[in-house]
Amino acid sequence: MSVSRLHIIICITISAFLAGCSGSLGPDNLEPILEMLPAQDITRNEAVVSACIHKRGTGSLTYAMLRYGETDGIELQMALEDPTADIATVRLHDLRPGTTYFCCLEAGTATARLKSNTITFTTQPNEAPTVSAPTALSTGPLGIIVEFEIISDGGEPIAEAGCEVTQINTNTPSRRIYLPSDGLSAGQHRIIIGGLQPMTSYSIIPFASNSISETKGQPLEYTTSNSIVIREAGTLAAVFEGSSKIEIPLLSVSGPLNGDDFRFLRSLLGAPGSESTIESAVNMLDLTDAHIVEGGYSYDGSRFTETDIVSTGLFADCVALREIILPATATVLARNAFARCCSLEKLTVSASVASIWPSEECTSLSNIIVSAANSNFSAIDGVLYNYDVTQIIWLPLGKTGQFSLPPTVTSIGENAFYGTGITSLEIPPSVTSISRGAFAGSALREISFPDNIANIAESLFQNCRDLSVVHLGTGTRYIGNYAFDGTSVKDIFVAATTPPFVADQAFVNGNSTICGSCTLHVPAGCRQTYRLHKKWGLFEKIEEF
């Protein structure tokens with residue numbers, strides 16, 4: 001074989017070998033391929049776009065930039081935080097509603113600039129607002145407070161919103177109550193609807209509008225009555241907003257009531273100092289389902305509400321109040337809660353009340369009623385006793401003339417007969433104790449005590465202007481301070497053979513004492529004993545009986 005032919009064979013063999021190995025020896029640094037995927041989660045103002053980065057070999061991106069815009073000029077851009085990721089997802093914000101956008105991915109390697117395919121998507125257009133059904137927060141005979149939600153503004157500013165009020169089954173035109181224009185936005189809204197008619201049915205429909213259209217919510221049907229339902233303390237007055245006259249005598253109020261609410265109630269019931277301009281015929285209150293809570297301003301200018309307490313002065317000077325039922329949750333009826341309620345005739349004590357103090361100058365009160373569920377108090381013929389009728393708590397001032405205590409009574413509570421119109425009292429032998437001030441300010445003319453009453457308590461007869469005769473039993477051991485202050489007592493009969501202990505101010509009567517004008521009557525044979533006593537001996541006239 002010649003040398004030339006051998007050279008040709010070697011060349012052909014090498015070429016064939018190289019051709020067979022061409023696949024494994026190709027370039028390994030080809031640029032990645034960029035691919036935009038269809039946009040997702042498209043709303044009026046946002047969209048989610050994604051791009052796949054198909055890597056080939058060892059070639060990698062040095063930067064990646066998402067470009068988008070309203071034209072294919074794609075004027076906006078956003079750099080990707082990690083250009084080496086296999087897939088990039090971005091949420092675009094602040095897009096314009098109802099607008100078509102173009103979007104692509106631009107990127108680059110050390111040697112090349114790359115660009116993906118361009119996609120388009122269109123944002124959702126703006127629409128009419130959406131509103132929820134209304135909810136009644138507080139209701140009354142002449143008004144209602146409702147709450148509804150503007151769920152969405154539809155992408156446009158809210159132009160108007162409120163409630164449309166229509167009398168059901170009448171030809172009365174509908175009227176619209178508008179929310180203030182400076183607070184129109186998506187969210188919860190309250191609106192006060194006043195000027196309603198008693199015992200009338202209404203349809204209340206919320207509405208909201210923008211530049212696109214108006215939307216109405218589901219209707220709320222409400223029939224006015226004398227029952228007031230308060231969902232939030234301090235809103236009672238708002239239920240009557242726009243009303244100039246209340247002709248309903250009985251109001252039933254339920255829900256939480258604070259100082260603001262009681263201040264308004266006091267204005268309806270004729271209390272002085274009221275700023276209300278409403279002409280009110282209200283004279284009866286049913287507060288069974290009401291709940292006294294702390295909060296709000298002072299109800300009378302100086303005092304504030306306390307939770308579950310009918311506080312001092314809460315209804316003081318409510319001259320129009322004739323009947324009231326206390327809240328079922330009330331636990332305390334404080335002293336003088338109804339002071340000077342001169343028209344109050346009937347007071348109903350609820351089940352939870354555990355402490356009661358009388359009120360002054362309730363001159364018409366003749367009937368106290370106690371709930372059958374109350375385990376602390378009882379009432380007999382309108383008179384208040386403890387549960388087992390062993391102590392009299394409060395004799396209403398409307399009771400006059402002669403009064404006899406039940407034979408079960410063993411004690412007379414503090415101020416129990418304060419300011420009452422009774423002129424004489426029969427005290428059974430079962431009574432063993434009488435608290436301070438029990439008869440103060442009453443119309444008593446004469447009174448006799450059983451022999452087993454030892455103490456004549458402090459201020460017991462203070463300011464009993466008509467009292468002239470007092471009989472003290474054989475067991476009398478003590479006379480308290482100011483027992484006879486402010487009286488006209490002419491005769492005191494003391495059956496005790498041993499002079500009782502006398503407090504220093506026991507016989508004080510204004511700027512003087514009763515010792516010069518009152519005759520002291522003592523048991524036969526005891527005159528000298530009393531005359532020699534330091535205090536009893538001050539009586540100018542001592543006679544035996």
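**Salt bridges**

I count a salt bridge when a side-chain nitrogen of Lys or Arg lies within 4 Å of a carboxyl oxygen of Asp or Glu. The model is predicted: local features need pLDDT of at least 70, side-chain atom pairs count only at pLDDT 80 or more, and totals for chains, interfaces and linings use all residues. Residues are numbered from 1 along each chain as its sequence is written, and side-chain values use heavy atoms, with hydrogens and water left out.

E106 is buried, at 13%. My cut-offs are these: buried is under 20% relative accessible area, exposed is over 50%, and partly exposed is in between (1.4 Å probe, protein chains only).

Next I checked R436. This residue forms a salt bridge with E414, and their closest N and O atoms are 3.2 Å apart. R436 sits in the loop between β36 (433–434) and β37 (446–448), and E414 in the loop between β34 (411–412) and β35 (421–426), so the pair ties together parts that are 22 residues apart in sequence. Both ends are partly exposed: R436 has a relative accessible area of 39%, and E414 has 22%.

Then I turned to R44. Its salt bridge goes to E127, with the closest N and O atoms 3.6 Å apart. This pair links distant parts of the chain, 83 residues apart. R44 is in the loop between β1 (33–36) and β2 (47–54), and E127 is in the loop between β8 (119–122) and β9 (130–131). R44 is buried at 18%, whereas E127 is partly exposed at 40%.

I also noted a network of salt bridges that links E164, R176, E214 and K216. How many salt bridges does the whole structure hold? My search finds 20.

**Cysteines**

I searched for disulfides, meaning pairs of cysteine sulfur atoms within 2.5 Å. The structure holds zero. C318 is buried, with a relative accessible area of 0%. C342 is partly exposed, at 36%.

**Strands**

I took strands as DSSP runs of E, at least two residues long, numbered from the N terminus. I call two strands paired if DSSP finds at least two bridges between them.

I traced an open sheet of three strands, in the order β38-β40-β42, with parallel pairing. β38 (455–456) and β42 (501–502) stand at the edges with a single partner strand each, so one side of each is left without a neighbour in the sheet. Two bridges join β38 to β40 (residues 478–479). N455 stands opposite Y478 in β40.

I then followed β27 (residues 346–349). Three bridges join β25 (residues 323–325) to β27, and the two run parallel. E323 has K346 in β27 as its bridge partner. Four bridges join β27 to β29 (residues 367–370), also parallel. There I found V349 bridged to V370 in β29.
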